[in-house]
Amino acid sequence: MNRRRFIQVSAVAPALMLGSCRNQVVPGSIIGAAHRAGHLLRDGKTSAAPSKTAKTDVLILGGGVAGLAAARQLARRGITDFLVLELESQSGGNSQGGRNSVSAYPWGAHYVTLPGPDCHEVRELFEELGLIAGHDAAGRPIYDELALCADPQERLFIHGQWQEGIAPSAGLTSDEQRQFREFREEMSRWSETKGADGRPAFTIPVDRSSRDPTILELDQLTMAAWMDAKGWTCEPLRWQVDYSCRDDFGGGEDEVSAWAGIHYFASRRPDAANADHDTVLTWPEGNAWLAERLAESAKGRIRNHALVLNVTEQSSGVQVDVMNTTDGHGGEIMRFVCRAVVCAMPRFIAQRIISNLKPLDQPPVYSPWVVANLALDELPPSPGELPAWDNVVYGGPSLGYVNATHQNLTAVPRETVITHYEALCGSPPARLREWMLTQTHAQWCDRIFSALAAPHPDLAAHVQNIDVWLWGHGMVRPTPGFISGTTRTVMQQHQPPVFFAHSDMSGVSLFEEAFTRGTQAADAAIRFLG
Amino acid sequence: MSEEAPPQPAHSSFARPWLLLLSVFAIATCGLVYELIAGTLASYLLGDSVTQFSTIIGVYLFAMGVGSWLSRFIRGDLIAFFIRVEFLIALIGGCSAAVLFLLFGWAASFRIPLYGIVFLIGVQVGTEIPLLLRILEGRFAFKDLVSNVFSFDYVGALLASLLFPLVLVPHLGLVRSAFLFGLINAAVGILALVMLKDEIQRPRGLWITGGVVTAVLLAGILQGDAITRWGEYAAFSDPVIFAKSTPYQRIVITKNRDDLRLFLNSNLQFSSRDEYRYHEALVHPGLSSLPDARRVLILGGGDGLAAREVLRYPRIKSITLVDLDPAMTRLFSSQEMLRAQNNGSLTSPKLHIENADAFTWLAAKREPFDFVIIDFPDPSNFSLGKLYTTSFYQRLAQSMSPAAALVVQSTSPYVARKSFWCVDATLRSCGFQTRPYHALVPSFGEWGYILASKEAITTQLALPDGLRFVNAEVVDQMFRFPPDMARVDTDINRLNNQALVRYFDDEWAEYLH
């Protein structure tokens, strides 16, 4: 043990023995998620006449990944007369990021798994961005290693120390080991299975997966029920499965379908020349890195603080009224007349603003999320494996944290930013959304400290600032029946001159889904425009 | 506490048991403090705090059990025996930290004295409570006695656990904390001697023992600082002439007669007796076969020794030396003894120092260099491992001229064979042709280097004068590998697998075991 380790140990010792008894206010605030402006719409406080009218060819409603992908595709096909309308102050949707003096950091989505051959739109994008630098003799993509998650990728705090990897591996009984082995074998079997229609059972994008009814049956029951039926009931395995469901879908294993649960483990078949199959692409600011590059194709064409009030079809074209909410309240209203609209907003908003849009029988469920960025003077040391990119606490309520400086190449990083994720689940989402708005900044800080207390009892002493972002409708949740049911089919039907693009149409909130939907919707709009 | 206790009338039947219970409290506190001190010290000196604390606590509790069991054989004058035990604990426990610190520097196996001392203290502490119970028997009702003794025992443990991290370690340090608690143990013994003098047959011997122990401990407290210095320095075999902690590392320089040694984070970087072998082997096989090389880049090497070898070539126009730690380059530019070692290379007008992280410094494309010397510390952690990855070499290649070569110090191909060949495989995967070689540096052992270039190098050596190790025949030998160091297949070291750090950890752990 060198001196530094010694100092680390003696710094941890008091906290371990005393617990943290600091009771001081942590600087920071609750930011982001322009729900106040959005609620103007919900509460019907937006009736005023437009003061100006403008014309454009295509309007893209929503500047998240789907909207930006649509913008990129329009630009690539030579259509430049378009505008992207975005409610938030920056585009990117849940791929936004922030920055302080130490590092950039994510506010939501923070990685993309290596795209398989079915994901050719995304592969093409990655080639364009230089993330895929070339191909080896076998035709496998060679990734930019600076964007591949640096090793060690994941660690789990269990039995009082960090282990490498997220699957619990230490201290398993032989029966538990058997269950893990069987589960893994089942997942790799599914990963290689093809349906009667010749398509892979599970792939990304979701709608390139097989529609074989014998596979889609898995969508009728919850992941928990399927695990029970398989006899895989041991706690460590169920924890890992539940964690994975919360991580990707924002709902527990008893809230999402078995099809979705298996999709998490069996849909990824990357073929990288220079990375393991479970390596991901990540950046300090998370997927905001990708969103910013996509936004470049819409440079000067993104209008922020734009609250879309209504979309109506007229003989002259589509008429879209938009309120400027720069000051946080209702402001000036502007009317756009365009030839086509790409609606890249979540469906629950589209439903409110597009006239004549039939209500869905079973509207999608959206999971609320809380994302917090903690500026630290250092990541306090704790026993076991050294810090990884993704750091998860076994049995904890949250999804753990991601270290923003992990991709940093400098030899001795000290100050850092960690991004703490929690998907609120276990109760009806509407009630959780109401509850989350009642919580104060101090209450969120306490919630984070207690979620990370096991590995970092002294975290509060290292925190310089905590900002919290509340995502009321963080991501669509693949509840049983949603992937295989008719709701998605209805959602996916374009209604020219209105074209739809959002990951909620896929049922899972992934960059690949949003990007592919956006690209496809733009293509459909281009065909419509002729 | 003894100073504050008012004199009690001899006939007070209350005062003595009450004070003895206070003693329970004191000895429980002391007992736990010794255990914490041993655990912390072992973590400090041996690393792996979980293992150290776990084994120390285990040995300590086991020894307490042994002590409790042994207490049944104690007969006769229980009080005198108790007082002797107190003085013994005071002496062993009180001096434990100081003794362990001093032993670490030269004990062949530090674990023997460590566990020995922990065991001794544990046995003594284990006898205390049974002895006290027996002494107090009859002065309390049995249920009160057990309840009181154990309550005070556990409360004392709590006090110790709070005092240790909050007061003792930060304010007194380990060595003086141990002496202080030794004094408390001694005070308990002396207090018992005073309060129970009527029940002790021959108190004089005990008084003398107590006096001597107290004096030793008092001296220890007063000299605690000196002992810590001495002990820490004893971790190095030679006298320490310089020690400094920078934000990046701890720099220690030792000197023994003509042998000057540099340690970074306790790892030997060079010994002046044979560093010429290491640095001549690092620089000359490559640079002497590049007659057109004018601009040299040195990454790491803040000691200026590689630069000294480069400056033997008059044709070299410029040297850029990139070292993370300004304290290193400042020290080796200014300190007279160190300047003598590197011939003042760091203040040569041809040399330009950049205190920067090499990986980020190379993000900007730099002037194309003709020869690059990579002299980083061994890849013993993930931060250092990044400096041996494909991404690093690809980035470096951007700043090299077409005919340039680079050389990497690549740890020992004998001790860490996979690590060595992993560096070679990594360079080759980046499109370099490699020429691995090795040399014997007695203070390091068999050491490895890899010469790499985009175009094949013909080693037409034009060696400078004045070399003590390298000549044409020796270089010829260097490129030949005996079977026990011959090439093995390895993974390529990438940022996303850190294969090299994993090989290095395994191989050196096995070797040192």
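The model is predicted: local features need pLDDT of at least 70, side-chain atom pairs count only at pLDDT 80 or more, and totals for chains, interfaces and linings use all residues. Residues are numbered from 1 along each chain as its sequence is written, chains are lettered from A and ligands numbered from 1 in the order in which they are written, and side-chain values use heavy atoms, with hydrogens and water left out. Helices (H or I, at least four residues) and strands (E, at least two) are DSSP runs, numbered from the N terminus.

**Helix packing in chain A**

- Helix H4 (residues 120-128) of chain A packs on helix H15 (residues 511-529) of chain A at about 95°, with the axes 9 Å apart. Axes are lines fitted to C-alpha atoms, for helices over the stretch in contact, and angles run from 0 to 180 degrees between N-to-C directions.
- H4(A) is therefore roughly perpendicular to H15(A) (the class for 65 to 115 degrees; under 35 is roughly parallel, over 145 roughly antiparallel, the rest oblique).
- H4(A) brings A:Glu121, A:Val122, A:Leu125 and A:Phe126 to the contact, and H15(A) brings A:Phe511, A:Glu512, A:Phe515, A:Thr516 and A:Gln520. Contact means heavy atoms within 4.5 Å.
- This H4(A)–H15(A) contact has 5 nonpolar, 2 polar and 2 charged residues. Ala, Val, Leu, Ile, Met, Phe, Trp, Tyr, Cys and Pro count as nonpolar, Asp, Glu, Lys and Arg as charged, and the others, Gly among them, as polar.
- Buried residues of H4(A) include A:Arg123 and A:Phe126 (buried is under 20% relative accessible area, exposed over 50%, partly exposed in between, with a 1.4 Å probe and protein chains only).
- A:Gly130 follows H4(A) and has a positive phi, near 80°.
- Helix H3 (residues 65-76) of chain A packs on helix H10 (residues 288-295) of chain A at about 35°, with axes 9 Å apart.
- In H3(A), A:Val65, A:Leu68, A:Ala69 and A:Arg72 meet A:Ala291, A:Leu294 and A:Ala295 of H10(A). The residues of this contact are 6 nonpolar, no polar and 1 charged.

**Nonpolar cores**

- The largest nonpolar core has 79 residues, and A:Phe126, A:Met223, A:Trp226 and A:Phe511 have the most contacts inside it. Such a core is a set of buried Ala, Val, Leu, Ile, Met, Phe, Trp, Tyr and Cys residues joined through side-chain atoms within 4.5 Å.
- H15(A) gives the most to this core, with 9 residues.
- A second, separate core of 66 residues includes B:Ala26, B:Cys30, B:Leu36 and B:Ala80.

- A:Asp242 sits in helix H8 (residues 235-249) of chain A. A:Asp242 is buried, at 19% relative accessibility.
- Beyond neighbours within four places in sequence, A:Asp242 contacts A:Gly252 and A:Glu253.
- B:Pro130 lies in helix H4 (residues 111-136) of chain B. B:Pro130 is buried, with a relative accessible area of 19%.
- Beyond neighbours within four places in sequence, B:Pro130 contacts B:Ser68 and B:Ser71.

**Backbone geometry**

- Most residues other than glycine have a negative phi, and most peptide bonds are trans.
- A:Ile204 and A:Pro205 are joined by a cis peptide bond, with omega about 0°.
- The bond from A:Pro496 to A:Pro497 is cis, with omega near 10°.
- A:His305, not a glycine, has a positive phi of about 55°. A:His305 is partly exposed, at 24% relative accessibility.
- B:Asn343, not a glycine, has a positive phi of about 60°. B:Asn343 is exposed, with a relative accessible area of 63%.
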